[in-house]
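This report covers ring contacts, nonpolar cores, salt bridges and backbone angles. The sequence and structure come before the details.

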Amino acid sequence: MKKSLSQSRLNRNCRFEIMEDRIAMSAAPLTGADTLNPYEEDTGVPSCVSEPDQSPDTYALINPSGNNQQKYNDMTGLENAKDLYGLDGSGQTIVIIDSGVAYDHAALGGGFGEGYKVVGGYDFAENDANPYDDSPGGGHGTHVAGIIGSESTLYPGVAPGVDIVILRIFDDNGNGNFEWLNQALQWVHANQYAFENPITTINLSVGFQEDAGGYMNTLNESLRILHDDGIFISVAAGNSFQTLPDQLNCLAASEYVVAVGACDTTGALSYFSQRDGSIIVAPGQNIKNTVSDAKGNKNGIADDYATLSGTSMASPYVAASSVLIRQAFTLVGKTGITQDDIYRVMFDTADSIFDSATGKTYKRLNLQKAIESILPKDTAGETAATAANVSTKENTFTVDGFFNNKTDKDYYVFTAGESGKVTIQAETAGTLTGKWDISGIPGAVIDADGNVVFTATAGQKYTIGFNAAGSIGAYTLKVQIGDAKPVTPPAEPPLIDTDTPPVTTPATPAVPPATPPAVTPPIDPPVVEPPVDTNPVTPPKEDTPAPPDTSVTPPVQESPGTPMEVKADQTVIGHQKIAQNGTWYSLSAVHSGIMTVEVALPNGTTLSHVVIEQVDAEGNVIATSQNTTRIDLNVTAGSTVLIRIRSLGGEILDADVRVCNLVRREGKNVFLVGTNGDDTITFTAGSTHTVEINGTKYIFQANETGRINIDTKSGNDRVLLVGSNDSERIDINGTDVGMSTGTYQVHVTGAEYFSIDTRDAQDSLWFYGTSKNDNLVVRTDGITINSDRFFAEVKNIRNFYAYSGGGNDTVTLYDSPGNDVLTVNASYAVFNSSGVNSQFYDFASLIARSTHGGYDTVTFTDTRGDDLFIGNSQNMKRFSGSQYAEAEGFTQINLISLFHSGRDTVQLEDSAGDDTLVISQHDFVMSGSHYSISVRGFDQVHADSVFGGNDKVMIYDILEKGRVIAKNRSINVTDTVYEYGADGFDEVWLFGRSNGENRIEQGKIDYVLYALGEWTQNDV
C-alpha cells in the first residue's frame, strides 16, 4: 500500500496486463495451479490473536490445545541445540523473498535499517526501498520472518540472533510475477556483502506448479549463481500433494536449492506436503507466529500473531536451521561453507520417517544431531579425576581444546619436566571466554592478565581446569615452564606477511620429474605478470638478510629422493613434517614472474628453526631463505624448481608450506593474476605500495613502481583498495576499477566485490554505469554501487560523478546533519552534502531522503516533455517520461518550469498543521510550520487540503485577463495559459487590482471567502 491520496489518483491510470503471469505464496492448501490460499486456520484456536508476549499462564488460556512450537522444537532438537551450544545465528543475514515484513512488530525488532533486526530490503512490486507488509494480501512474509528470527518469549524464532533482509515480490492483492522474483534473486547476488553481516541464506516460501511460460530456465540460472555464491536457498516444496502427488513446486525442483516438506506435531508428513526423496522435512502445520496488523486485529499496533500451515512454514524453519549449522561450522574453523555442505549434514543426521501415503521413507530435520556431528569429540576430562594426560613437559608447549557445549568442563594433567615458574595463558577466538579451575594446584594464582601462575617442581603432576563460560568454540592453552621466553607466534620477516594462510586447496602429491628440473636465478623482492620476465629484480638494501648460522646446521640430505610435486598458481600444502635433513618439493611454475615459498610454523617454533633452499637435483644450494620463513624466486612459466626445507633443530611437525606464483614485475609495472577460486586481494598505497593476495604479501617502493595491474580471473573475488595521503581519482567502469594519482595507477578487472578507502577527503570518484540495472546509494560516510556484475563501497570522497549506462539505474541520496542542497534538472542532478559534491547524469530514478536534520533544500526543474509533480509537506515526486525523481523530508522545495515545451502539472497536499497557500501572478507557494513548497511558471497547479488544520488561500494580483471561480470546496484562478486551483481549504482571501477589472464567478461554497478590492461577480 503506502500510497498518499495523490498517488492513489495517479495509480487509477495503471493496470496489470490481462495475461500477466503470477506466482504465489505457498501456505496450505492449494486451490489451483496458479493461486494459493496463504492461510489455514488452526482448529479451535483463533487465527489471529493481537497480543504482545504473554506470561505462560496467559498463554495457556489463549492456546488451550498446548504449545505446538514446543513439541516441534523438541522433535528437531532445537531447544537442546540452543541450551547446549548457545547458537543463535549471530553474524549472518537471511533474505526473505515474500510479501514483505511488518518490521515494526516488537518481536521483529521494531524498526527498519541499520541497528534493527530487519536491516534492509527492497519492494519490487512497488519499486521502492520500503518492503513493508501492510496489504490485505500480505501477512505471509511477516509470519515467515517470525519463524526465522522472532525475539518473542512465547513464539521465538529458530535463529533469533540473525539479521533479516526482506525483498517484497507480491503486490497488495497477494500477486507476484516472475520478473520481480528474478530481480530479487539478482539483488541478493549483488548485495551479498552489502550489510554488516553477510547474506548466507535465502528463504523462498513461494512457488508455482506449472512452468507454462518457460520461466524456470531464467530463474534456474539466477539460483545457480546464488548457489555458487555459497548461499543456502530453502524453498517450500509445495502444498498440492492431494491433487498433484508426483511433482514438486517448480522452484523446489531446481538442483540448486533445498526443497522442504512439512510435518505435523506427530512427526508425520502433512497431508498437503509434496514428497520427494531429496526433501528435508520440518515443522509446518499449525505454526503460530507473527503477522502484520493488516492480517491481525487492524488496531494500528503491530503485535499480532496467527496460526498458519504449509510448506511455507517449514521452509523458514530449515532456512534458520542452516544458519545455526553454518555457525557451528565456522566455530570449528571451516571456511568456504556451501549449501551442499550444510544440506549433506542435515540429510545424513536426519531422522527417518515412514510415510503411509506413499509407503516410502523420508528425512526429517534433527538439528541437534546435525550440530553434534560438526563439533569435535571431547578429548579432555570432565573432572579433575578424569583429566586428559598430556605427559611430561618442559620449556614451552601448547594444548588445543574445544568447548563442546556452554557448560563444558575440560581438565588436563601434565608432569613438569623441570622446576620453575609456570605460566598458563588461554587464547580464544572472538568473544569466547573460559573460567580457570586452579583448585588442584597448590599456590596457583590468576594474575592481572588472566593467566595462571604457580611454581612447579620437576617430576610433579599438575591438573588444570579450563571451563566454558556460556559459549562454545576452540581455544589454545600456552604453557611456559622455567625461564623460557613467553610463547609467541613466529616473527614476521621484513616486508613479508606469513601470518595469514591463503584460501586455496592443498596440492596432491605426485611423482617427481624424471629429469633434473630447470633452475633459474633467485630474486628477493616481489614482481608480477604479462610477458616473460627476463629482468631479475634487485632487492632493496634493507631486505638483504644476514647469512644463517652454519654452526648449527644439521646433516643435509643431498638428493631429493621422492619430492612432492606441486603445480599450482597458489596453494597451501598442509600438515607437513620438516625433517632435519630436509623435506623436498618439486614446484612447477604456472606463470612467469615470482614464485614465493613460505613456511607457516606451528606454535613454539620460530623462523630461526627453519631454512628454505632452492637446490639442483644433486642437492647443491642455489639460493637460501637466510633466517626467514620465505623465499622469492624468479621463474619462467613451465619451469620446475626444487625446494628443500630443513629444520635447524628437532623435527618440526604440522607446518604449512605455501606457494604463490601470481605476481610479476616488468620495469615499473607490476602484474597480478588471480586464481580460479575465490580470491581476496588488497592494494595499499603509500611510500611503499603493498599488494596482498590470499595472505601472501608483496611490497614495492613507490618511487620505483608506476602501474599495478590486477586481473582477478574467475571466482567470486574481493578487492580492497586503500589510497595514500595524496588526492586519488577512482574510476569504476563495469567491472574495471582504477585508482590513480600523478605517481601511480592501479587497474583491476573482473572482481565481484570492491571496498575502496581513499583516506583523503579531496579524492574523486567517476562511475560509468553498465548496460544493466545499477543502484547507487550516497551517504555521508560513503558510497555504495550495486550492479548485476559487482558491488562496490567507497569512502572518503569529495567529488562524485556518475553516468548511467542505459539500464533502469537508480540513485538514492541521504542527507547529512547540516544544510544540504539538491538540484534535479532535466537530465542530471547535483547534490551538495557535508562538503561532498555529487553529480548524476541520465539516471532513470533518483530518490533523496532528508532524515538527519538541517535546513535541506531541493529544486526540481521540468524537462522538455510532459512533467507531473506530486507532493506534500513530506515528499515531492517528479514523473517525466521514463525518468522518476523523489525528495523526502526536505524543508524547502522549489519547482521551476524552464522549457515550456510540454504540459506540466503540479498536484500538492497540505500538512496536518495550519497551512497557507499563496497564489500570485506567476508563483504558487504553499507552506506550513516546517516546510515550504514554491512553484513557478507551471501550466497547471492544484493544491488539496486533506489532512486538517486551519488552512487558508491568499490570492494576489491575478492576471489582467484572468478570472476566479469559487464553487463548492474549490477556488480556481485561470487565464489563457495558467490554471491554479485549491480544494478543501477553510478560508480564501482575494486581493483584487484597483482597476476594477477583477472578476469572480461564484456559486455555493463550503469555506469563508474574503474578496478585498473591486470585484465584478457572476453567479455560477
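## Charges over rings

Arg779 lies over the face of Tyr814, at 4.0 Å from the ring centre. A charge sits over a ring here if NZ of Lys or CZ of Arg is within 6 Å of the ring centre and within 35 degrees of the ring normal. Lys334 is likewise placed over the face of Phe329, at 5.7 Å from the ring centre.

## Basis of the values

The model is predicted, so local features need pLDDT of at least 70 and side-chain atom pairs count only at pLDDT 80 or more, while totals for chains, interfaces and linings use all residues. Residues are numbered from 1 along each chain as its sequence is written, and side-chain values use heavy atoms, with hydrogens and water left out.

## Aromatic pairs

The whole structure holds 33 aromatic pairs. Rings of Phe, Tyr and Trp (its six-membered ring) pair if their centres lie within 6.5 Å; planes under 30 degrees apart count as stacked, over 60 as edge-to-face and the rest as tilted. Phe178 and Phe208 form an edge-to-face pair, 4.6 Å centre to centre with 90 degrees between the planes. Phe178 lies in helix H6 (residues 178–190) and Phe208 in the loop between strand E7 (206–207) and helix H7 (216–228), so the pair ties together parts that are 30 residues apart in sequence. Helices (H or I, at least four residues) and strands (E, at least two) are DSSP runs, numbered from the N terminus. Both Phe178 and Phe208 are buried; buried means under 20% relative accessible area, exposed over 50%, partly exposed in between (1.4 Å probe, protein chains only).

Phe397 and Phe414 also pair edge-to-face, at 5.5 Å centre to centre and 65 degrees between the planes. Phe397 is in strand E16 (residues 396–403) and Phe414 in strand E17 (residues 409–416), so this pair ties together parts that are 17 residues apart in sequence. Both Phe397 and Phe414 are buried. Ring pairs link Phe397, Phe414, Phe454 and Tyr462 into a cluster.

## Nonpolar cores

The largest nonpolar core has 102 residues, and those with the most contacts inside it are Ile97, Leu167, Leu204, Ile325 and Ile371. Helix H8 (residues 311–331) gives the most to this core, with ten residues. A nonpolar core is a set of buried Ala, Val, Leu, Ile, Met, Phe, Trp, Tyr and Cys residues joined through side-chain atoms within 4.5 Å. Beyond its neighbours within four places in sequence, Ile325 is in contact (heavy atoms within 4.5 Å) with residues including Ile342, Leu367 and Ile371. Apart from this core lies another, of 86 residues, among them Ile681, Val746, Phe840 and Val935.

## Salt bridges

The count comes to 27 salt bridges, each a side-chain nitrogen of Lys or Arg within 4 Å of a carboxyl oxygen of Asp or Glu. Glu151 bridges to Lys117, the closest N and O atoms being 3.5 Å apart. Glu151 is partly exposed at 44% relative accessibility, whereas Lys117 is buried at 6%.

Arg849 forms a salt bridge with Glu888, the closest N and O atoms being 3.0 Å apart. This pair links distant parts of the chain, with Arg849 in strand E52 and Glu888 in strand E56 (residues 883–888), 39 residues apart. Arg849 is buried, with a relative accessible area of 14%; Glu888 is partly exposed, at 30%.

## Positive phi

Asn796 has phi near 65 degrees, a positive value in a residue other than glycine. Asn796 lies in the loop between strand E46 (791–795) and strand E47 (799–803).
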